Amino acid sequence: MEAFITQLLNGLVTSMLLFIVAAGLSLIFGLMDVINLAHGAFYLLGGYVALTVMEQSGEFWRALIYAPLIVALLGLIIEVVFLRRLYGRHRHLEQVLLMFGVALIVTDFIRATWGAFVESVPNPELLSGHVTIFNVQYPVYRLSLIGFGLMLAFLLWLFIERTRLGAIVRAGVSDAQMVGGLGIDVQRVFAAMFAFGTALAALAGVVGAPIFSLYPGLDSEVLILALVVVVIGGLGTLKGAFYGSLVIGLADTFGKAALPEFSRFLLFAVMAAVLLIRPTGLFGQKGG
Amino acid sequence: MTVKTKARLTRRQFLKAAGLTAGATAASPLLSACGPAAPAGPVKIGVLLPYSAVYAELGNSIEKGMRMYLEEKNSEAGGRKIELITEDEGATPDEATPKAKKLVEQDEVDLVTGIVSSGVLGALRDYFDQNKKLLICSNAGANQLSRQAKTPYIWRTSFTNWQPNWPVGPWAAENVGKRVFVSVPDYAAGHNMRDAFLNSFQAAGGEAVGLQLTPFPNIGDPAPYITEIANAEADFLYCFYSGGQAVTFLKAYGDFGLAGQLPLLSAGFMVEEDVLPAHGDYALGVRSGLHWALYLDNPENKTFSPTYQAKYDRTPDVFAVQGYDTGRVIVEMLNQTQGDTNVDKMIDVLGGISFASPRGPFTLDTATQNPKHHIYLRDVQTVDGAPHNVVLADLGEVVDPGDDSKG
Amino acid sequence: MATLKARLSTAPVWLIRHQRWALIAALAFACIYPYVVRLYFVTLAEDVLIFAIFAMSLDLLLGYTGLTSFGHAAFFGAGAYLLAYLTTRFGVTNLVITVPLVLLGTAMLAMLIGFFTLRTRGIYFLMVTLAFAQMLFSIAINWSAVTGGSDGLPGVPRPSIGIGPLSFTFDSRESFYYLILVCFLLTYWLLRRIVNSPLGWAFRGIRENEARMRALGYNTFRFKLASFAIGGAFAGLAGLLQAHSARIASPENLYWTMSGQVMIMVIVGGASTLSGPVLGAATVRLLRNFISSATPRWETLMGAIFILFVLFARRGIVGVLSDARKRFEAERPATAARPAEISESPQAEAE
């Protein structure tokens with residue numbers, strides 16, 4: 001029983017982390033029809049920037065705030081300078097290719113700046129050690145990550161469902177042209193959301209670093225897993241990203257414990273199946 | 001009506017093309033390579049080590065160790081100067097193979113050294129064998145290169161994956177416990193390490209209560225595996241991880257509170273000096289077997305370590321020692337052939353080269369083309385304010401059996 | 001006869017002739033190549049030719065049929081693994097046996113994957129092809145008993161060819177090079193026949209407007225499947241040659257970044273042409289080789305070049321050259337209106 005509870009908690013940790021990444025990816029796709037292949041690179045960049053901030057100032061909290069901001073700025077620049085040139089109904093694939101090129105450059109930049117060796121990131125002082133809950137010993141940091149993820153999910157839901165900007169985003173996901181027709185500067189919304197999505201990726205990188213560490217190649221793994229989540233859960237919806245992350249996070253964790261060799265294969269098989277049967281995902285909104 | 005002006009091959013065109021071809025062929029002796037360097041020139045040694053990607057730090061250490069020895073000997077051996085040509089091995093055979101070919105075919109080196117990754121070594125084995133080029137491997141420990149895949153052209157100054165694990169089995173059975181949980185990554189090196197340990201551990205009366213094969217190369221979040229370990233009824237954990245995996249694994253081990261409760265024994269690479277800074281205090285108390293330790297007490301190491309530290313402003317590690325020994329083996333070999341880089345002459349003198357190394361007594365075993373050296377049982381303790389490896393016991397000289405009989 | 005002469009004497013006929021000469025000279029050079037340059041450059045040429053085959057095969061899908069597949073590495077890797085398995089586990093090195101088996105195997109794999117993936121379009125198609133390729137990758141990494149896991153399948157020998165008592169092994173550097181050259185030329189020629197055939201024009205029609213093709217009565221799904229299978233088979237051939245060349249089949253051949261790399265080759269070289277992918281393959285592989293010796297930052301350079309092409313030179317090197325040539329032609333003193341029907345080689349055909 002203890003083992004089950006522990007694995008459940010482990011799964012939730014993975015889920016929450018995936019959710020933060022997938023939320024950004026899903027929103028960007030929903031709004032702009034662009035699969036951001038550089039999303040994993042932004043995750044990793046966020047982690048490394050946080051590492052540097054922590055080394056300089058010794059504060060995890062500062063890293064938590066600065067790293068996503070810095071990376072979001074980069075995302076904004078990329079959107080305005082490059083991505084924007086490729087707008088048009090038939091140019092989505094080119095945007096995807098562009099982001100692939102960006103991913104190459106960002107990951108190489110990371111290697112050039114921080115080296116290729118693995119970097120370990122310490123737990124923040126306040127959240128180190130372990131506690132005993134439900135009769136199991138569990139690290140404090142991971143528990144707080146679960147809490148953080150849930151809180152973030154709630155905040156994002158509030159934003160999307162209850163604010164004007166959120167309404168614009170929802171409308172944009174459904175039909176961006178109409179939103180433009182209503183007199184709203186769609187370009188600005190796109191830019192802002194792209195930067196926001198990027199910030200989410202970087203935020204995930206920061207909070208995930210004490211668990212996964214940082215190394216070149218991590219960006220690929222994160223991206224692939226996030227893609228699976230977003231496809232299964234639903235492209236363009238927060239709900240989809242949330243439930244998709246839950247499913248994938250738990251499946252990955254229990255899969256590792258039960259049948260380690262097949263778990264990855266199964267994930268992709270499910271992803272492929274969903275794409276074929278319901279391309280917009282379980283909770284997806286856009287027309288296929 | 002469409003007029004097709006697909007120009008056909010006229011006689012003029014053909015003659016011109018033929019003329020070009022003939023001209024090019026006639027000019028070819030001018031274009032092709034100059035002949036090999038005159039025998040009195042420098043000995044060219046190709047160094048294939050990772051300088052980018054995940055193993056870069058190991059490559060760095062090995063090269064520094066090698067250069068340190070060569071500089072002690074004025075970069076000279078057998079009456080000739082030694083010239084190093086370095087290329088980046090990368091992390092995969094895909095990256096390394098073109099570089100190896102460049103060293104051998106374009107730079108026309110007399111021999112090649114380096115190779116950190118066992119995967120790369122396995123992929124290049126046939127190349128060196130068929131091109132009859134000497135490779136002195138300074139790291140990759142794949143067992144089969146000293147066993148069924150042995151070739152006269154590949155020698156090692158490092159280790160086989162079997163060596164650091166096998167003597168630890170009986171020691172653990174006697175000093176730690178009789179029930180072990182084994183966790184290794186699912187690839188050749190991981191399997192090698194596990195088999196070597198279990199072979200002697202079980203022979204000494206121990207039993208394995210759990211076996212775990214984790215995804216390679218990326219373990220992801222180790223938590224599910226740590227949970228499995230925590231819920232098993234073992235006296236201790238034996239594992240092998242390297243690089244990034246080692247760091248995440250050990251950290252999760254500590255975070256879940258297992259560090260104080262379940263002793264951890266490992267193959268030495270997991271807590272070697274190169275990776276200890278990243279581990280920090282998470283590595284304290286981890287015991288391991290390896291063919292060297294920072295605080296190993298012998299005259300050579302007492303000179304080597306501080307000199308290396310002063311020269312490069314970094315802590316030496318086992319890889320630096322391997323590089324250092326490689327330099328020595330190359331120099332001794334060339335001294336014995338008196339500078340002759342004919343591959344058969346070089347191979348002839350390699351077996352039996354023996355000297356006192358920072359790792360203790362070192363002999364190149366003729367049968368396995370791999371070192372005979374001692375394995376030490378080490379413990380990570382705080383020395384001079386930081387975690388380092390000290391020696392608890394000398395487990396004696398260990399020689400690879402040359403076949404799979406002992407795991 | 002007089003009108004033909006008159007037409008031959010007009011405008012850029014000399015350009016056409018030049019092109020022919022250049023090609024013939026290049027071919028002649030390619031034939032004597034291994035005897036003329038150092039061994040190392042032969043290795044480079046082999047690498048470029050193998051990836052040229054791989055890139056051309058993707059271009060059949062991407063450039064001619066409009067299928068943006070991000071999982072083409074699946075067939076490249078499958079070809080490599082199939083070949084490695086045949087040689088190391090069964091000891092078969094005879095190309096007469098291995099080539100048909102590998103081509104058949106990868107074509108069937110392509111049809112299987114295509115059967116599922118070709119129901120989707122655009123971004124979804126891109127993602128689902130990526131997913132299937134990753135499935136193959138995770139099989140290769142995890143099923144170590146069969147695929148050798150992360151170490152791959154090493155020990156692949158050089159190929160041989162033979163029927164009955166006659167046999168020849170390609171173990172000399174020159175012969176192996178010629179084998180690859182011949183495969184490359186055959187692939188180029190075959191693909192050229194295909195894209196200029198009614199089948200090829202059907203592909204192009206699907207790329208331009210699939211709905212209209214369906215309205216015209218074409219079963220577009222079958223045609224797309226055919227394109228997928230042919231492209232997959234040629235990618236498998238490239239994988240077979242790669243396994244023989246590198247003497248190993250590794251999981252990296254299946255990873256999504258390999259799909260990305262070959263896509264870069266096609267885009268940078270010029271999609272919808274056959275010479276484009278060849279140029280792209282040469283550019284990427286040679287750049288990788290020479291730049292990486294000078295600086296470790298070759299991936300940044302590669303990414304930057306790729307981005308520049310995506311933004312400003314969508315039709316690749318071939319597009320840039322063809323634009324330059326058109327401008328050159330336009331600036332030449334007018335040598336009478338040349339009949340619009342003089343057909344140039346299909347290479348100049350742009351998106």
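**Where chain A meets chain C**

Reply: Three salt bridges are counted between chain A and chain C; the term means a side-chain nitrogen of Lys or Arg within 4 Å of a carboxyl oxygen of Asp or Glu. One of them joins the side chains of A:Asp108 and C:Arg297, with N and O 3.1 Å apart. Before going on: this is a predicted model, where local features need pLDDT of at least 70 and side-chain atom pairs need 80 or more, while totals for chains, interfaces and linings use all residues. Residues count from 1 along each chain as its sequence is written, chains are lettered from A and ligands numbered from 1 in the order written, and side-chain values use heavy atoms, without hydrogens or water.

Back to our interface. Five residue pairs are in polar contact across chain A and chain C, both partners at pLDDT 80 or more (N or O atoms within 3.5 Å, one able to donate a hydrogen and the other to accept it; neighbours in sequence count only if both atoms are side-chain atoms). On the chain A side, helix 4 (92–114), helix 9 (218–233) and helix 11 (263–277) each give two or more residues. Helices here are DSSP runs of H or I with at least four residues, and strands are E runs with at least two, numbered from the N terminus. Helix 4 of chain A gives the most, with 14 residues. That side of chain A splits into 27 nonpolar, six polar and seven charged residues; Asp, Glu, Lys and Arg are charged, Ala, Val, Leu, Ile, Met, Phe, Trp, Tyr, Cys and Pro are nonpolar, and the others, Gly among them, are polar.

How much do the two chains cover up? Together, chain A and chain C bury about 3500 Å², 78% of it on carbon and sulfur atoms (accessible area lost on being put together, 1.4 Å probe, summed over both). A:Leu97, A:Phe100 and A:Leu276 lose the most area in chain A, together 18% of what its side buries. The contact involves 40 residues of chain A and 38 of chain C, where contact means heavy atoms within 4.5 Å.

Now zoom in on C:Met127. Skipping neighbours within four places in sequence, C:Met127 is in contact with A:Ile35, A:Leu227, A:Val231, A:Leu235, A:Met271 and A:Leu275. C:Met127 also has a place in the largest nonpolar core, a set of 241 residues; with A:Met99 and B:Phe249, it is among those with the most contacts inside that core. Such a core joins buried Ala, Val, Leu, Ile, Met, Phe, Trp, Tyr and Cys residues through side-chain atoms within 4.5 Å, with buried meaning under 20% relative accessible area, exposed over 50% and partly exposed in between (1.4 Å probe, protein chains only).

Finally, the partner chain. Chain C has 15 helices and four strands, and 58% of its 351 residues count as buried. For contacts in chain C with a separation of 6 or more, 77% link residues 24 or more positions apart.

And chain A's other neighbour? Chain A and chain B bury about 2400 Å², with 55% on carbon and sulfur atoms. One salt bridge is counted there: B:Asp221 with A:Arg142, the closest N and O atoms being 3.0 Å apart.

Conventions:
Buried area is the accessible area (1.4 Å probe) that two parts lose on being put together, summed over both.
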